[in-house]
Amino acid sequence: MLSGIPLFPVQASTVAPDVDRLYFLIIAVTSFFAIATVIAVAIFAIKYRDDSGERVGAQIHGSIPLELAWSVIPFIISMGIFVYATVVFFEIVRPPAETMEIYSTGKRWMWRFQHVDGKSEINELHVPKGRPVRVTFTSEDVLHSLYFPAFRVKADAIPGRYSSVWFEATQTGDFHLFCAEYCGTKHSGMIGKVVVMEPSAYQAWLSGSDGQPLAVRGQQLFQQLACVTCHLDDNTGRGPSLAGLFGTTVELEGGANAIADDSYIRESILTPQTKIVAGYQRLMPTFQGQVNEEGVMGLIEFIKSKAATARPQPGTAPASAPPARP
Amino acid sequence: MPEAVAAHAEAHGHHAHAHHPALQHHFETLEQQKEASVLGMWIFIIQEVMFFGGLLMAYFLYRVWYHEAWVEGSNELDIVLGGINTVVLIGSSLTMALAVRSAQVGSKKGTVNWLIVTMVLGLVFLVIKFFEYKHKYDLNHIPGANFVFEGPHAGQVQIFISLYFGLTGLHALHMVIGFVLLSVIAWMAHKDRFSPEWYTPVEMSGLYWHFVDIVWIFLFPLLYLVDRTHRLG
Amino acid sequence: MMTPTLPPVTYLNHKYGVMSWLLTKDHKRIGILYMVVVTIAFVLGGVFAAGVRLELTTPQGDIWSADTYNKLFTMHGIAMVFFVLIPAVPAILGNFVLPLMIGAKDVAFPKINLISWYVFVVGFIFTVGAMVFGGVDTGWTFYVPYSSSASNTNVLMTGIGVFITGFSSILTGVNFMVTIHRMRAPGLTWFRLPLLVWALYATSFVQVLGTPVVAITLFMVVLERGLGFGIFNPALGGDPVLFQHLFWFYSHPAVYIMILPPMGIISEVIACFSRKSVFGYSFVAFSSVAIALFGFMVWAHHLFVAGISPYSAMVFSLLSYAVAIPSAVKTFNWAATMHRGAIWWKTPMFFVFGFIGLFLVGGLTGLFLAALGLDVHLHDTYFVVAHFHYIMVGGAIMGYFAGLHYYWPKMTGRMYSDILGKLSALLIFVGFNLTFFPQFILGYLGMPRRYHVYPDEWQVFNVLSSAGASVLAVGYVLPLFYLIYSLFKGEVAGANPWGATGLEWTTQSPPLPENFPGQPIVEEEAYDYHKREIKVA
Amino acid sequence: MSHIAPVKSYVIVFGTLMVLTSVTVAAAFTNLGTLNFPVALAIAITKATVVILFFMHVKYSSKLTKFVVASCLFFLACLFGLTFTDYMSRGWFTSPRGTTMAGTQVTVGPAAPAAPAAEGAAAPAPEP
């Protein structure tokens, strides 16, 4: 039982050391103030102890400079901590340009991970070491929260919306995976492990996959749901061409424009009326209820793959050029 | 020293001053009691504003997100009935103010009559509101399992209708409370309990009634008017 | 110095019978009525906490089923937050002491004061009823969509119970605000007011203006669950994050309702037992008001990982750091007050030492959670549980106990045994640290909140924590005995047992039904120990 | 209030409220585009202020009451303003070539046939 009591979580991602440095900085600052105050109170309590209750303390009412000192200085220190913490936060929140995509759906009491090449697993996630991985996930019923303590990252899964978490594992081995947002009876059962493997071992594990790649499944759905009747590649159909769409900025009816990312495509499949591309009528029916979460992810992968084949990438970088990693 | 304070207070407390029947024991003067009641009532009204504020927050957010649904939803509402209700309610605000005024000048008959007129107008408002709800019921636009709405944004229009029922339902509940309150005050006025020196209950119920009117002054344009023109344009 | 005798006429013995208590309009009796209900709620919440800690001694879920465990921590949260922490100091000590402190005969609206107690009891009955008929398992935060669609427990009944209890808090807030504005004794200007009055004034802002927003939010959840309204339902396009915004808009200022009055009590007790006026009186007073106002602008630090935009997370993180400054100013002023004072080591002062120790840790760990980079890792883990217990139990309950032991002689005219008081303060301090410090370590290790089952390697800390919980339980039960014992056998305390300043110590104890023989006039400053010779009656 | 206003002044106030109501209804039917909302809100605020000042006698009451009435705006501003800092700034941040971290507004409904609330509550979630 006492298999070595862990006192500090393992640092298994590129972000973990930065978060831990921030943690130790704040520990240092706060314990300095806490200990100083406790010592002061202890000294005064002992030095000026007087149990007769008769004598009166010195007539001191306050000193403005002292008050200003201990409100301005803590404010400056906390602003410093705030800036440092925000820098670390944006490192956690902003994924690098090239990340390995994994899709996931949280459902009452299990996580289902869907690798791009078709392999899917439940409450387990195999990832390669040394490559940035981004998990894009949503929830199918109540709030959940995908939490990797070893990677120091967490994000709530909100039904009806995509959230995403990225990490780059730096250590192989099994690490915890938790649901951190209360979701009912087996909230504490909605856990699992993330297995970080050497890239070669990961490829071997991946090649043994039975399911066909997500993009292929997406293409089948594209035919099956008759999307192809309107969305023709040469832009002559009733719907806009989807070739080379992913990542570009789309001009909407009414002048607004939107970036064609996962959420935009998912929204256009499930609620086509909310954003209509300029120059097209409101013809598209909703497919809500006819395709499940994995199906939507398959269609997104297929549309991403269309972008790759239809327009050779090297020259034309997509409109939203990925900002350099800070 | 503490004895001195008590002694001094002793002398001060003893001189007899005619107690007005309505002056409660823990107040020094009627004026202090009146100001305390007015301040207490205004703080209560501010709290009621925050109570409606929560619902309005949901209204404003979803209006920004689902503008088309808000247009469809608000065009479903009957603007004529809404308009009449607004006039009725502002009218009842006028009659309430006149009731307070006649209480100030001490005319018992005026107070009772104006209060009754205000209550009648309040009742008219509730009856019109009932017809609006009945109309919604007939088109089974009541949010819930059997909500039926053709048109592309059925789900989001249901949110609009839910907020419509939430806001106007809460407002109607406050009207009912106001109606009961006014009937009690009218009964007290009938029993000649008020005088030009002490008419605080009338003033307080007036503040409450005017507040309910102000809520409707905001609800009417927000729910009925603001998204009316989108369809025209 | 002749030993004091109990005064002939007091608010306790001038009327007898149950009806004289149930229909009383006397703020002192209403304070004691609140104490009875809050103590019952405290015992109830404690039992649920014991159930939770019992279960967590073992990694597997072998004592309670998952559902029972979820109900236990939910009901522990609801009982403690809504029925102990929020009413404790304002409704019990505030009701009792505020009119005495400002030289008034009663609060501004005595009838409404009694109505707010009845509303509190009705809300309590509804919530206990929900607990008896199967409990509720949504967590005290009632997060949508779980509470509105997925949970099949008594969410409706609890929601209505908490909705009703909210009005008790609103009415108390209105009452206190008007009392402090309109009913101060002649000569009692704002800057001669005791600091507890300032704290209660700042708290009433939050009580009056925050509570309605959570009332309407719970009302919307009840509508959505009961009648199928779709305001937060994601299937219709509703946003569960909007519920979190509206819920925390109240619930963060609510933690300031819980901590500000105990801070006021600490200022009173420190001034009395250091025999010195509080250092930087106006800074401490204005920091109460600053905390109450800033408190309304920081709520989304509960939502950093809930999907709000990173830019708004930055805004709220900055504001959360700003709201920490007034609390720091208060703590430093308390420490400075003790400098060159005459520190009298009595029981209330022991509770103040405990308060300062625990509140420092609680307040400063808030800086960890307000730091964006850290909160992604620490949100919804045991680090958060430890943080808010350090402030709520370490700060608010310790402050309440300090106030209870400070005003007990004034409320009952009797003195309790000082040694047992100090022992219980020590027990609470030790038991508390043993219970909640391991949870900081567990939190950084990544143990999520509300877990019925946890990985084996963390069992040691949970066993430590459960052991500490039993010591804490003994520390809390002890005062029950010696305080009740003091009612009958305690030596008579006299008007001013601690030799403190303030109008409440100038009248007899237990006080007259109408508090003062005449109308007291105030001429001296707030904590002026120099103008008056100290007479320890 | 000690101050007793003549009946005529109340009727004038009622008149102005009626005029403002008709203006706001008329404005609702002329298409001012994005200006419709601010105009309607401005008229509603003026009507409310008129009612507060004259019908509720705040014009003649103590400075404290005026302060309390004004303080309400601060708390409403906190609620609306700070919540909107979140919703307005959601679309700004788009992580390169992928989902916005905070995501756009809520898309309607989970893709899969959502288990109706009643059934979801009772039966355990069906295995995939």
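Q: Why does Asp262(A) count as buried?

A: In this predicted model, Asp262(A) has 26 C-beta neighbours inside 10 Å. The cut-off for buried is 20 or more, so Asp262(A) counts as buried. You'll find Asp262(A) in helix 5 of chain A, residues 262-270.

Q: How far is Asp262(A) from Cys183(A), in sequence and in space?

A: Along the chain, Asp262(A) and Cys183(A) are 79 residues apart. In space, their C-alpha atoms are 25 Å apart.

Q: What makes the span of helix 2 of chain A close to the expected one?

A: Helix 2 of chain A covers residues 64-93, which is 30 residues. From its first C-alpha to its last, helix 2 reaches 42 Å, and at 1.5 Å a residue you'd expect 44 Å.

Q: Which residues of helix 2 of chain A are buried, and what covers them?

A: Among the buried ones are Glu67(A), Trp70(A), Pro74(A), Ile81(A), Phe82(A) and Phe89(A). The cover includes helix 1 (16-47) and strand 7 (153-157) of chain A.

Q: How many residues does each chain bring to the contact between chain A and chain C, and which elements of chain A take part?

A: Chain A gives 78 residues and chain C gives 79 residues. On the chain A side, the elements giving two or more residues are helix 1, helix 2, strand 6 (144-148), strand 7 and strand 9 (173-179). Helix 2 of chain A has the largest share, with 16 residues. Sorted by class, the chain A side has 45 nonpolar, 20 polar and 13 charged residues.

Q: How do you know that the radius of gyration of chain C agrees with that of a compact globule?

A: Chain C has 537 residues, and a compact globule with that count would have a radius of gyration near 24 Å. Chain C comes out at 23 Å, so the two agree. Its C-alpha atoms fill a box of roughly 70 × 45 × 45 Å along the principal axes.

Q: What is chain C built from, and how much of it is buried?

A: Chain C has 16 helices and zero strands. Buried residues make up 71% of its 537 residues. Among contacts in chain C between residues at least 6 apart in sequence, 85% join residues at least 24 apart.

Q: Which domains does chain A have, and how do they touch?

A: The domain assignment gives domain 1 (100-207) and domain 2 (214-310) of chain A. Their centres, taken over C-alpha atoms, are separated by 26 Å. Domain 1 puts nine residues into the contact and domain 2 puts in eight residues. On the domain 1 side, strand 1 (100-107) and strand 5 (132-139) of chain A each supply at least two residues. That side has three nonpolar, five polar and one charged residues.

Q: What makes strand 10 of chain A a partner of both strand 4 and strand 9 of chain A?

A: Two strands pair if there are at least two bridges between them. Strand 4 (124-128) and strand 10 (192-197) of chain A have five bridges and pair in the parallel sense. Strand 9 and strand 10 of chain A also have five bridges, but run antiparallel. Both pairs therefore meet the cut-off of at least two bridges. Pro128(A) stands opposite Met197(A) in strand 10, and His176(A) stands opposite Lys193(A) in strand 10.

Notes. Residues are numbered from 1 along each chain as its sequence is written. Chains are lettered from A and ligands numbered from 1 in the order in which they are written. This is a predicted model: local features need pLDDT of at least 70, side-chain atom pairs count only at pLDDT 80 or more; totals for chains, interfaces and linings use all residues. Helices (H or I, at least four residues) and strands (E, at least two) are DSSP runs, numbered from the N terminus. The expected span of a helix is 1.5 Å times one less than its number of residues. A residue is buried if 20 or more other C-beta atoms lie within 10 Å of its own, exposed if 12 or fewer, and partly exposed in between; C-beta atoms are placed from the backbone. Two residues are in contact if their C-beta atoms, placed from the backbone, lie within 7 Å. Ala, Val, Leu, Ile, Met, Phe, Trp, Tyr, Cys and Pro count as nonpolar, Asp, Glu, Lys and Arg as charged, and the others, Gly among them, as polar. The radius of gyration is taken over C-alpha atoms; the globule rule is 2.2 Å times the number of residues to the power 0.38. Domain bounds come from an automatic or database domain assignment.
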